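Me: I have a chain on the screen and want to go through it by question and answer. Please keep it brisk.

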Amino acid sequence: MSARCQVTGAEPSFGKSVSHSHRRTSRRWDPNVQRKKYLVPSLGRVVTLTVSARGIKTIDRRGIESVVAEIRARGEKV
């Protein structure tokens, strides 16, 4: 599963872990993404989205209809 939110566009960020001895190793911070199913009345079907926790809050605030319309306008397949 891709660690990218379809609503907010949140992606993993990269950096370094620094140990006590200051030895640096690469690491990554993944966003909190989950696969959620939403019923979209205008499409007449259930849509599965990969969304972050912030993306879920955005859908609750703006509504699934406007969010799906924005995703489709960007050219992503829903």
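The questions below go from the whole chain to single residues.

Reply: This is a predicted model, where local features need pLDDT of at least 70, side-chain atom pairs count only at pLDDT 80 or more, and totals for chains, interfaces and linings use all residues. Residues are numbered from 1 along each chain as its sequence is written, and side-chain values use heavy atoms, with hydrogens and water left out.

Me: In what order do the elements of the chain run from the N terminus on?

Reply: Helices (H or I, at least four residues) and strands (E, at least two) are DSSP runs, numbered from the N terminus. The chain has two helices and four strands. From the N terminus on, the order is β-β-β-β-α-α.

Me: What radius of gyration does the chain have, against that of a compact globule of 78 residues?

Reply: The radius is taken over C-alpha atoms, and the globule rule is 2.2 Å times the number of residues to the power 0.38. Along the principal axes, the C-alpha atoms fill a box of roughly 55 × 20 × 15 Å. A compact globule of 78 residues would come near 12 Å, but the chain has 16 Å.

Me: What percentage of the 78 residues in the chain is buried?

Reply: Buried means under 20% relative accessible area, exposed over 50%, and partly exposed in between (1.4 Å probe, protein chains only). The chain exposes about 5500 Å², and carbon and sulfur atoms supply 49% of that area (Shrake-Rupley method, 1.4 Å probe). The buried share of the 78 residues is 27%.

Me: How far apart are the mean positions of the positive and negative charges of the chain?

Reply: Lys and Arg count as positive and Asp and Glu as negative; His and the chain ends are not counted. Each charge is placed at NZ of Lys, CZ of Arg, CG of Asp or CD of Glu. The chain has 17 positive and 6 negative charges, and their mean positions lie 7 Å apart.

Me: Which residue in the turn between β1 and β2 has a positive phi?

Reply: Two strands pair if DSSP finds at least two bridges between them. β1 and β2 pair in the antiparallel sense over six bridges, with Trp29 of β2 as the bridge partner of Ser13. They form a hairpin with five residues between them. The residue has a phi of about 65 degrees although it is not a glycine: it is His22.

Me: Is His22 buried or exposed?

Reply: His22 sits in the loop between β1 (13-18) and β2 (24-29). Its relative accessible area is 52%, so His22 is exposed.

Me: Which residue in the turn between β3 and β4 has a positive phi?

Reply: β3 (residues 33-40) and β4 (residues 45-52) pair in the antiparallel sense over eight bridges. Val40 stands opposite Arg45 in β4. This hairpin has four residues between its strands, and the residue with a phi of about 70 degrees is Gly44.

Me: Is Val51 buried or exposed?

Reply: Val51 belongs to strand β4. Leaving aside neighbours within four places in sequence, its contacts (heavy atoms within 4.5 Å) include Cys5, Val7, Tyr38, Ile56 and Ile59. With a relative accessible area of 0%, Val51 is buried.

Me: What relative accessible area does Thr50 have?

Reply: Thr50 is also placed in strand β4. Beyond neighbours within four places in sequence, Thr50 is in contact with residues including Ser2, Arg4, Gln6 and Arg35. Thr50 is buried, with a relative accessible area of 9%.
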